Every structure is written in C-alpha cells, then in structure tokens.
Amino acid sequence: PPRSRHGAKLLNRAWTAATGRAIGAGATRAATPAAEDGGAGVKTAAAPPHNLLPPPPLPPRSSPATPRRSWAPVPTCARLRRERRGSGSGIWLCLSVCAATPCARPVPSPSRRTISSTGIQASDIRPLPVLRETMDYLWHLLNSSEYPFEIVHDFIFDRTRSVRQDLSIQNLVNDQAIGIYEDVIKFHILSHQRLARSCQDSDASSLCYLNTEQMMKCLLSLFDMYHTIHKINSQSNKEAEYYSFFVLLHMGCKIPKMANSLSFWYSQLPASIVRSKEMIFARTILRCYHLGNFKRFFCMIADEATELQLCLVEPFLNEVRARALMYLNHSGYKLQHHPLTHLSDILMIEELELEDLCRICGLEISRSGDTKAFAPKQTTFSLPTPLSKSSGIYISREIKR
Amino acid sequence: TPTPSAASGTPTPPSRRLLGSAFLQEFRNWETPWAMEAMHMVALEIRLLAEKADRELVMSGKNPDKLQAAGSFLMKVFGALAVKGPKRVGALYVTCQLFKIYFRLGTVNLCRSVIRSIETARNFDFEDFPVKDKVTYMYYTGRLEVFNENFLVADQKLTYALMHCNPQSESNLRKILKFLIPVKLSIGVLPRRTLLEKYNLLEYADIVTSLRRGDLRLLKQALDRHEDQLLKCGVYLVLEKLELQVYRRLVKKIHIIQREKEPSKAHQIKLEVLVKTLQWLGITMDVDEVECIMACLIYKNLIKGYFAHKSKVLVLSKQDPFPKLNGKPV
C-alpha cells in the first residue's frame with residue numbers, strides 16, 4: 001500500500017544518510033528464505049536527500065569485544081531531532097539516527113551481510129549484550145503508535161531477522177540468546193494479532209503469511225536451542241508456553257515448515273513438556289475445535305489462555321465461529337430459530353459482529369420484535385475464505401475478574 | 001568386526017564405513033547382482049554399528065553423529081541400486097534400512113525422497129521385491145500415513161504388512177498391530193479382546209470397551225493412563241478423535257433404552273437426559289456444550305436427525321439414525 005511504501009522509502013533514505021551505508025529501496029523478502037535468513041538480498045544505494053546532513057565519518061574498526069559504532073555524536077543527533085521534529089519523515093530519521101547513538105541503540109540495516117558473504121569482519125558482528133540492547137530498543141519501538149503498524153512491523157521484522165542472523169553466525173546458545181529468541185517470537189505473535197486486525201487487503205494478508213512463516217522458523221530454532229541447553233541441565237521457564245504456540249498455530253493455515261505431523265512432533269517431546277499446563281491447554285483447545293465443542297473452546301480461551309496465547313489464537317477465532325455456524329445451520333431444526341444473543345454468548349462475540357459474520361456466511365437473519373435469530377437449514381450458507389479477522393473475545397477478563 | 005577401545009570406551013574410527021565405501025565402489029562396477037547379499041550385509045552392519053556407536057557417544061557426553069553418517073552412506077548404496085537392471089531388486093532392503101535410521105533419528109521427513117523413488121520411478125515393479133522387504137516397507141510407510149492421519153491408506157498398507165508377515169514372527173505381528181489397531185478403530189472396526197491379549201496390546205483394551213459401551217469416562221481414563229506410551233508411538237491423537245464415536249454410542253444406548261420404555265417417543269432425546277448421563281459418568285457439561293457436540297455428530301453423519309434448539313431436544317431419524325462408518329474414517 002502507498003503509505004507503507006512511502007514509509008519504507010523514508011526509512012531507507014534516512015538510514016543511508018545516517019549510517020553512510022547504502023541500502024536499496026524495494027528490498028525483497030522471499031517467502032522461503034534460506035536457513036536462518038541470510039540477508040535481505042542485493043541492495044542498491046539510494047541518494048540521500050539534499051537537506052540531510054552528510055553521513056558522519058566512520059570510527060576506526062573496533063576490536064571484536066566492542067560493538068562497531070558508525071554513528072553521529074550526540075549533539076548532532078539532538079540537532080537533527082530539533083530540525084526534523086514536525087516533518088513527516090522526522091520520527092524515522094530521528095529514530096534511525098538515535099539508533100546509531102552511543103547512548104542506546106545500534107539498529108543496523110539487515111542488508112549488512114548474508115551468511116554466505118565473504119569478508120565478514122569480527123567487528124561486524126554484534127555481541128550478545130548489544131543484541132540484547134537492540135531487542136530492548138525494538139520493543140520500545142513496537143509500542144510507537146504514530147505510524148501505521150505495517151510500517152513499524154516491517155522495520156522490526158527486518159531488524160529481528162538481522163539479530164537472529166547474528167546469533168546464528170556466532171552459534172550462541174545460552175539463556176540470553178534464548179531470551180532474545182523468545183522476544184522475537186513475542187514480536188511475531190503481537191504482529192500476528194495486530195496485522196490481522198488492521199489489515200484486510202491482499203498485500204496485508206501476504207504480510208500476515210510471511211509473519212507466520214517467520215514465527216514458525218523462529219519457534220523451530222528456539223526448540224533446537226531448548227534441546228541443546230537440556231543437555232547441560234538448563235531450562236527456560238517459558239518453554240512450555242512456547243511449545244504450546246506451535247500447537248495453537250495448527251488452527252490456522254498450514255505452512256510448509258509445519259510439514260511434520262503433530263502426532264510425530266508430540267512423539268519427540270519430553271513428557272514433562274507435553275503434560276505442562278500450557279500444553280494441556282493448547283491440546284485441549286485443539287481437541288474441542290475438532291470435536292465441535294465451541295462452548296468449551298471459547299470458555300477455555302477466555303479463562304485460561306495467557307496473553308500471548310490469546311494474541312496467537314485471536315486471528316483464528318472468526319473461522320472457528322464460522323465453523324460453529326456451519327454445524328448449527330446444518331444440524332438445527334429449521335422451524336426453531338437460533339437467537340443471536342444466545343449464540344453471541346457461546347461464541348463470545350458482540351451481537352452486531354455476529355450478525356455481520358452470519359451475513360458473510362450467507363445466512364439470513366430474521367427479526368421477531370427485539371430478537372434477532374437465524375433459521376437453520378439455509379442452503380445459502382457457505383464458509384468464506386478469507387474471513388475478516390476478529391477483534392477477539394468480547395468478554396473482558398478484567399471485567400470477569 | 002571392529003570393537004570399541006576398551007580403555008576409553010570410545011568408538012574406533014569409521015573403518016567399517018571405509019570398508020563399505022570400498023565395497024560399494026566395486027559393487028557398482030559389477031554388472032550382475034551376484035554380491036547383493038554381501039551388500040545387504042554391509043548395509044545392515046553399518047546401521048547396527050552406528051547405533052551402537054551413537055549410544056556410546058551419548059554415554060560419554062559427546063554428539064552422536066554416526067547414525068546420521070550411516071544414513072548418508074546408505075543413500076549412496078540406494079543410488080547404486082536404483083538403476084535399470086537386475087540390481088534394482090535389492091533397493092527395497094536398503095530403503096528399509098534407511099527408514100529404520102530416519103525413524104530412530106526422528107528425521108522421518110527424509111523418508112519422502114526414497115518413497116518417491118520406489119513408488120513413482122519406472123525402474124521398480126513392487127511385486128518383484130522379496131516379501132520380507134515388502135512387509136517392512138509397508139509397515140514403515142503405513143506408520144507414516146498414521147502420523148499424517150491418512151487412515152484409509154494407512155489401513156491398506158498396514159493390513160498388507162499384517163497379511164504377508166511371517167505368522168511365526170509374533171514380535172513383528174505385534175509391531176504391526178500396534179499401529180493397525182488405532183487405524184481400524186478410527187474406521188469403526190473393533191478388535192476382539194483375545195487378539196489384544198495374544199499380542200500384549202492391552203493398552204487398547206479399555207479404549208475398545210469404551211467404544212462398545214459409549215463410556216466416555218473409560219475412554220478418558222484409558223487415554224490418561226497410557227498417555228506417555230501412546231504419545232511416543234504417535235497414535236494418541238488418533239485415539240483422542242474416537243471421542244465422537246463414543247458420544248455416538250452413548251446416544252445410541254439412550255435411544256435403545258427409550259425405545260424399550262416408550263417406543264413412540266424413542267426418537268426424541270432431551271438434551272437434559274444427555275447432560276444427566278454425562279454427569280453420572282463424572283463429566284460436567286451444560287446443555288449448550290451438549291448441543292454443540294450433537295450438532296457436530298449430525299454434521300459428520302454419525303447421527304441422522306436434527307436438534308431443536310428451543311425445545312432442547314435431539315430428534316433422531318426414524319430410519320437408520322446411527323449410520324455405520326463402513327470402513328470410512330469420521
């Protein structure tokens with residue numbers, strides 16, 4: 001979409017100006033990138049805008065122990081901030097340059113290198129503390145609401161791939177590295193929810209797919225890391241929850257990385273993980289889904305899902321509701337209509353949204369006084385794909401508590 | 001046969017694999033398959049030694065990579081056999097050795113390429129292979145179909161393996177039945193207790209009983225009790241899906257009881273009765289949940305009829321309200 005391209009262009013131009021390194025416009029993100037995401041492809045330089053300061057001189061190459069710094073000194077950054085505040089591109093320029101300040105946040109472009117590129121210097125690779133700082137900064141950025149989420153997502157998507165690449169090149173597998181991976185997955189889950197809510201067109205649905213694909217790759221890498229640290233009798237206290245995400249993703253569309261069946265996957269897991277509270281929740285949810293017990297499905301999600309589990313399942317909920325309508329339409333008695341009020345309680349959706357959903361599925365709603373209902377056995381029903389993504393479960397858990 | 005060093009307990013260098021490679025090189029040059037038995041022996045020994053070596057590596061805290069290397073070597077052997085000519089008849093044996101390696105390593109996705117070669121390449125006529133190799137092949141490919149829940153194909157393959165397996169080989173028959181029984185259950189075929197006892201597969205006994213009785217509590221208890229074992233085999237999810245069939249059987253039993261008491265109203269089952277029955281079985285469910293499940297049973301053609309939402313009644317068809325599965329999975 002134009003806004004997204006505009007935002008991306010501004011970002012790239014700002015980055016080129018700030019770092020002195022060329023990055024290309026229109027970087028392609030392959031649907032099935034190579035293992036651990038070798039870089040984002042060939043980049044070409046974009047000419048810096050005339051009203052930006054010239055890029056700062058690069059400092060001497062640092063030792064592997066210290067992070068490479070190619071940033072402007074703080075006063076320049078502050079001046080830029082003052083000069084650019086108020087202009088449309090200001091925040092991104094500011095963020096890009098601020099990201100390059102010693103005070104915080106090295107967030108280089110993902111085009112720096114690929115796994116296969118030659119001539120990588122040790123000083124090019126960010127050590128663990130710097131990667132941790134980078135992740136912290138990106139988290140801070142995630143909550144920025146000034147720009148459409150797709151632009152923020154794009155930026156963080158690329159940067160987190162770069163972080164993972166750095167971890168992978170260094171073959172880092174320890175608690176900190178695992179923490180970073182868990183945070184990356186958290187980002188993908190939140191994106192999964194927000195992209196589904198905010199985006200309805202085909203460009204956005206490809207963003208959703210790519211996000212899910214990256215999430216899956218990240219999860220599988222994380223599981224390998226868990227397996228590695230088990231050998232040294234270490235464990236992450238979030239393991240069970242992250243394993244449960246893999247199970248919950250089976251409610252959505254299948255992506256190639258999920259090639260192995262769930263049955264086989266379970267057979268490889270330790271019993272302690274399979275029997276954990278988070279995994280039992282995910283397994284039960286999936287079971288209720290297959291059994292058609294939609295009442296228990298939604299109740300369990302409302303009562304027991306963690307925040308991240310809720311974010312993960314939210315985009316699937318309307319499909320589950322549509323499936324419930326399909327069963328009820330097929331199996332109900334046509335002379336006894338199904339009131340939407342009752343159905344909205346079971347499916348945990350606002351009545352007006354449910355009405356919309358019924359219409360999308362081709363169901364006619366009848367009115368009797370104040371009561372709206374649908375009559376089963378309507379032959380016009382069809383399960384639409386893609387469905388509009390839901391805004392979640394309407395019963396607030398805060399209110400319930 | 002090389003033995004591990006007695007002093008350190010670590011495996012000797014891969015001399016067996018070097019021997020195997022040298023033999024393979026010569027084997028490629030021979031036009032006739034006169035040394036096929038020797039080639040198979042080499043393949044078998046390399047796999048067995050690699051498994052033993054990996055066990056010792058794990059015990060000494062090292063990375064077990066011998067079986068993976070054995071797999072790579074056996075792929076080369078497969079390549080040498082998967083050619084036009086008389087050597088191809090030995091390819092299925094090597095395929096089965098590869099399956100054993102991939103299943104042991106948990107890399108079953110690698111089976112795909114060899115299966116594709118066997119099943120689609122024009123070099124092979126399946127009937128030409130020795131029976132024992134065909135049985136092993138069908139057993140492993142049947143297991144893969146169970147993982148993917150392709151029950152009809154899994155049934156065909158595992159039944160083939162069962163019918164052609166040596167009847168004296170009880171352990172092999174047991175291995176086949178371990179996966180065939182869940183598949184048969186999912187298509188509505190129940191084994192006799194005597195079969196389960198004969199082959200020591202009593203973990204399925206309560207599950208079969210729950211299907212006969214419509215006893216949901218028994219099904220849940222059986223799945224809980226044997227959860228670890230069933231998950232490790234990869235059949236737990238298959239058995240979990242039997243829950244719908246158990247519900248169906250429960251509704252059928254209520255219908256039979258009602259027919260005896262009041263034949264004219266036997267086809268109408270109040271949802272409250274189902275709620276009370278489930279409560280008696282120790283399962284707490286409200287009317288809305290029961291309605292959802294009934295809707296699912298009707299949709300999946302396990303029950304013929306409809307439910308009246310306002311009256312909270314399940315109305316069964318007067319003709320054949322409980323259609324049989326007829327060998328098709330739910």
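User: Over residues 135-321 of chain B, how much of the chain is helix and how much is strand?

Analyst: In this predicted model, local features need pLDDT of at least 70, side-chain atom pairs count only at pLDDT 80 or more, and totals for chains, interfaces and linings use all residues. Residues are numbered from 1 along each chain as its sequence is written, chains are lettered from A in the order in which they are written, and side-chain values use heavy atoms, without hydrogens and water. Helices (H or I, at least four residues) and strands (E, at least two) are DSSP runs, numbered from the N terminus. Residues 135-321 of chain B are 66% helix and 6% strand, with end C-alpha atoms 40 Å apart.

User: What area do chain B and chain A bury between them?

Analyst: The size of an interface is often given as the accessible area lost when the parts come together. With a 1.4 Å probe and the loss summed over both parts, chain B and chain A bury about 3,400 Å², 55% of it on carbon and sulfur atoms.

User: How many salt bridges does the rule find across the interface of chain B and chain A?

Analyst: A salt bridge puts a side-chain nitrogen of Lys or Arg within 4 Å of a carboxyl oxygen of Asp or Glu. The rule finds seven across this interface, including the one in which R283(A) meets E227(B) at 2.5 Å, N to O. On the side of chain B that touches chain A, α16(B) gives the most, with nine residues.

How values were computed
Buried area = accessible area lost by both parts, 1.4 Å probe.
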